[in-house]
Amino acid sequence: MASGVSAGAPTAGSTGEGKGLATGTLGLWGNTVIGLASTAPAYGLAATLGYLGVGEKAPAMFIVAFVPMVLTAIAYQQLNKAVPDCGTTFTWATKAFGPVVGWMGGWGVAVSAIIVLANVAEIAAIYTLRVVGLDGLADSQWGRMAFAVAFIAVMTYVSYRGILLSERMQNVLVAWQFLFLVVLAAWALFAVYSGSAGPQAVQPELSWFIPTGISFGDAVAAIVLCIFLYWGWDACLAVNEESKDPDRIPGRAATLATIILVVTFTAVATAIQAYSGFGTTGIGLGNPDNADDTITVLGDPLGGPVLAVLLMITIAVSAAASTQSTILPTARGTLAMAVYKALPPQFGTVHPRFKTPGFSTLVMGATAVGFYVLLSLISTNALADSIASLGLAVAFYYGITSFACVWFFRSTLRQSAAHLWLRGILPFLGGLFMLVIFGYSVVDMARPDYGETVIGGVGGVFVLGVGMLALGVPLMLLCAIRLRAFFRGETLNARTEVLVPDTGAPPVGGL
């Protein structure tokens, strides 16, 4: 790795080398699939729609939450053009703001993945067990724990074996999810408009898509949940070094993934609430018994036992796909951190045959298992509160990335209107949105009645969310003791050439 370049030279240069990953493997669709799979669209919709708390305005909230997502995606796209490094937030934030912010940004990515892995693995286990008729095991703490750990282990192994195998698996799992989401939405809307849906059904109205008549607090709480629902599309940026056109395709995939998601979420949410209605009994969205899953409860009334089973399989597939695709970006993030000497060198090892970050992948899987088992043994409510806290970690590192874009490109903003908007104004607005969401949520989550648990008179969601982020500080200090070169700005700084494959594209100026 080069030590740096002279002042005034382009800051996004490459050594022409890579980190040992399988370069030139993924195309636009492969990147997009990984981004879509990480969001777990079917499971996310099933688990989120009943908790938004905004009544008929759920489709509007999906549209509103899409705005900061696309603004953040623009920041990712611009930074990836300049520095197509698999460290993403860590690398970009280090170049923009220095080693401390960069390290904590990388930690934010890891925290998000650990929290999600623990939860989606359990969901995959529960629904798989129910599909095969093992309801007793699904209801047993030790039964679902055993199967959830097995899911993490299997998906870790798939990620360990290679990016191409991961892509092929995700193609199947993502296709299944979107096929049945489309079928569900079309079938439900047909039943509503044909009059066969039942007395609980209501026809969609234009007001559902307009975010008015909602208190600021309710809107923020709903948007935080929607951020959880959208989170994961950035996984396609973490496999940029394994893409056929690293500085272009991953950014385009991120934009494409967010567009597909907002259309899917809005359409399916509209169909579900039109068919289910807003009643407090039966399949109504106001029935608290349906809050954990607003999709599979439609199976029997809409299409009978067969559709009910297929929808349960869809939720299991969605959670399993997310389990595997969430491991990919985090393992590559820690690989980059080790390459630039921000983590111990073992994290930087790449398997000589599979061309994957072998050690980082295995550590990621083991950490997720440990976190999941620990919270499960504490209580199921603690596990539920951990997923509710996810929005904090996501807003944290999305915000850092957006502001890093503005600062990294600050010297180029006056060169053209396109640079001003795409590198400056739009990413800044995305970062500002994330900052507001983060700050308001921190205060709101501290209330004792927020979430399922209370720790020391403070909401458990706050303790888990802020606590997991704060844990990064002592870990960073431990690394700083042993890895002083990085924290002195010697191994990665604004003018350091990054260790990425040479695409032949001209460098993009930054600072």
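**A walk through the contacts**

Let's begin with aspartate 135, which is partly exposed at 37% relative accessible area. On burial, the cut-offs are these: buried is under 20% relative accessible area, exposed is over 50%, and partly exposed is in between, with a 1.4 Å probe and protein chains only. A word on what you are seeing: this is a predicted model, where local features need pLDDT of at least 70, side-chain atom pairs count only at pLDDT 80 or more, and totals for chains, interfaces and linings use all residues. Residues are numbered from 1 along each chain as its sequence is written, and side-chain values use heavy atoms, with hydrogens and water left out.

Back to aspartate 135. Its side chain meets that of arginine 130 in a salt bridge, at 3.8 Å from N to O. By salt bridge I mean a side-chain nitrogen of Lys or Arg within 4 Å of a carboxyl oxygen of Asp or Glu. Arginine 130 is partly exposed too, with 30% relative accessibility.

How many salt bridges does a search of the whole structure find? Eleven. Take glutamate 241 and lysine 19. Their side chains meet at 2.4 Å, N to O. Helices (H or I, at least four residues) and strands (E, at least two) are DSSP runs, numbered from the N terminus. Are glutamate 241 and lysine 19 buried or exposed? Both are buried. They also belong to a network of salt bridges that links Lys19, Asp85 and Glu241.

Another salt bridge joins aspartate 247 and arginine 248, with the closest N and O atoms 3.7 Å apart. Here aspartate 247 is buried, at 7% relative accessible area. Arginine 248 is partly exposed, at 37%.

Next, the rings. The structure holds 19 aromatic pairs. The rule: rings of Phe, Tyr and Trp (its six-membered ring) pair if their centres lie within 6.5 Å; planes under 30 degrees apart count as stacked, over 60 as edge-to-face, and the rest as tilted. One of the pairs is phenylalanine 216 with tyrosine 440, edge-to-face, 5.2 Å centre to centre and 90° between the planes. Phenylalanine 216 is in helix H9 (residues 216-230) and tyrosine 440 in helix H16 (residues 417-445), so the pair ties together parts 224 residues apart in sequence. Phenylalanine 216 is exposed, at 55% relative accessible area. Tyrosine 440 is partly exposed, at 30%.

Now phenylalanine 396 and phenylalanine 438. Their ring centres are 6.3 Å apart and their planes stand at 40°, so this pair is tilted. It links distant parts of the chain: phenylalanine 396 in helix H15 (residues 390-408) and phenylalanine 438 in helix H16, 42 residues apart. Phenylalanine 396 is partly exposed, at 22% relative accessible area. Phenylalanine 438 is partly exposed, also with 22%.

Which residues form one aromatic cluster? Tyr76, Trp92, Trp233, Tyr397 and Tyr398.

Two arginines also deserve a look. The charged end of arginine 410 sits over the ring of tryptophan 407, 4.1 Å from its centre. The charged end of arginine 423 sits over the ring of phenylalanine 409, 4.2 Å from its centre. "Over a ring" means that NZ of Lys or CZ of Arg is within 6 Å of the ring centre and within 35 degrees of the ring normal.

On to helix H12, residues 299-339. A straight helix of 41 residues would span 60 Å at 1.5 Å a residue, but H12 spans only 49 Å between its end C-alpha atoms. That expected span is 1.5 Å times one less than the number of residues. Where is the kink in H12 centred? On proline 305, and the kink is about 105°. A bend at a residue is the angle between axes fitted to the seven residues ending there and the seven starting there. In H12, 33 of the 41 residues are buried, so the helix is largely enclosed by the rest of the structure. After H12 comes lysine 341, with a positive phi near 65°.

Last stop: glutamine 170, in helix H8 (residues 163-194). Glutamine 170 is buried, with a relative accessible area of 0%.
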